[in-house]
Amino acid sequence: MVKKTGLALGEVQALATRILKAWKASREFRMKDATYQDFEAAHDGFERVLKDIAAKNRELDELRKARERAVAKLWALCTRARSGMRGYFGPKSSQYQQVI
């Protein structure tokens with residue numbers, strides 16, 4: 001389970017980028033349990049995930065547009081069919097009552 005940081009993604013991304021830049025310029029900086037390469041790999045992994053999410057969002061946007069076109073077409077057909085049933089069977093018919 002991932003613990004939420006309470007930070008905005010943009011804030012984390014910006015801070016990590018600044019740290020990476022500063023650490024790259026001052027390689028003498030050390031941390032006991034992480035190297036520059038570890039930090040860079042984590043940063044690069046984060047960036048890849050963000051790009052993957054953006055690509056999936058573009059795909060979803062296209063699917064959502066297709067869904068909206070499909071629902072509009074189906075709704076128009078439903079409306080026509082209901083009106084047709086009213087005219088054909090009559091407004092008090094059991095067939096029309098099923099579709100209102």
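Predicted model: local features only at pLDDT ≥ 70, side-chain atom pairs only at ≥ 80, totals over all residues.
1. Packing of helices 1 and 2. Two packed helices are described by the angle between their axes and the distance between the axes. Here, helix 1 (residues 9-25) packs with helix 2 (residues 36-89) at an angle of about 145°, and their axes lie 10 Å apart. The crossing of the two helices is left-handed. On the side of helix 1, the contact is formed by Leu9, Gln13, Ala16, Thr17, Ile19, Leu20, Trp23 and Lys24; helix 2 contributes Tyr36, Phe39, Glu40, His43, Phe46, Glu47 and Leu50. Classified by type, this contact comprises 9 nonpolar, 3 polar and 3 charged residues.

2. Buried residues of helix 2. Tyr36, His43, Gly45 and Glu47 are buried in helix 2. The buried residues of this helix pack against helix 1.

3. Length of helix 2. Helix 2 has 54 residues, so at 1.5 Å a residue it should span 80 Å. The C-alpha atoms at its ends are 77 Å apart, which agrees with that expectation.

4. Serine 93 belongs to the loop between helix 2 and helix 3 (94-99). Serine 93 counts as buried because its relative accessibility is 10%, and buried means under 20%. The side chain of serine 93 also reaches the backbone nitrogen of tyrosine 96, at 3.1 Å.

Note on methods: Residues numbered from 1 in each chain as written. Heavy atoms only, no water. Axes fitted to C-alpha atoms, helices over the stretch in contact; angles between N-to-C directions. Helix = DSSP H or I, 4+ residues; strand = E, 2+ residues; numbered from the N terminus. Left-handed = near helix turned anticlockwise from the far one by under 90°. Contact = heavy atoms within 4.5 Å. Nonpolar A, V, L, I, M, F, W, Y, C, P; charged D, E, K, R; others polar. Buried < 20%, exposed > 50% of the residue type's maximum accessible area, 1.4 Å probe, protein only. Polar contact = N/O pair within 3.5 Å; in protein donor to acceptor, adjacent residues only side chain to side chain. Expected span 1.5 Å × (residues − 1).
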